Amino acid sequence: MLVHNWREVLKRAWSIRFMALALIFIVLEPVTNFAAAAWMPRNLYIQLAMSVASGLLTAAAIVARIVFQQQISGELNGKPPSEG
């Protein structure tokens with residue numbers, strides 16, 4: 001079941017933003033590894049950097065998901081006034 005303000009959550013939630021950035025890094029990791037393999041025989045640092053970046057963004061998304069966000073949650077922590 002979706003939350004009552006799911007469109008607002010998609011627009012403003014930091015957890016969604018961090019997850020989208022992590023997805024970009026996850027998708028770009030094999031591409032950069034393939035491109036870096038053409039330039040140098042060992043691309044361990046590039047692979048490590050991309051993995052660390054996607055891991056940190058995913059961890060940030062988890063933290064952002066549980067942190068209270070006034071713009072989205074409002075006064076009642078995401079519940080409409082009738083559910084208060």
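Reader: Against which helix do the buried residues of H3 pack?

Author: The buried residues of H3 pack against H2; they are Met50, Ala53, Ser54, Leu57, Ala61 and Ala64. Buried means under 20% relative accessible area, exposed over 50% and partly exposed in between, with a 1.4 Å probe and protein chains only. Helices are DSSP runs (H or I, at least four residues), numbered from the N terminus. The model is predicted: local features need pLDDT of at least 70 and side-chain atom pairs pLDDT 80 or more, while totals for chains, interfaces and linings use all residues. Residues are numbered from 1 along each chain as its sequence is written, and side-chain values use heavy atoms, without hydrogens and water.

Reader: Why are H2 and H3 called roughly antiparallel?

Author: Their axes, lines fitted to C-alpha atoms over the stretch in contact, cross at roughly 170°. Angles between N-to-C directions run from 0 to 180 degrees, and those over 145 count as roughly antiparallel (under 35 roughly parallel, 65 to 115 roughly perpendicular, the rest oblique). H2 and H3 are therefore roughly antiparallel.

Reader: What makes the pair Arg12 and Glu8 a salt bridge?

Author: Their N to O distance is 2.3 Å, and the definition asks for a side-chain nitrogen of Lys or Arg within 4 Å of a carboxyl oxygen of Asp or Glu. Arg12, at 36% relative accessibility, counts as partly exposed, and Glu8, at 25%, counts as partly exposed.

Key. Helices (H or I, at least four residues) and strands (E, at least two) are DSSP runs, numbered from the N terminus. Contact means heavy atoms within 4.5 Å.
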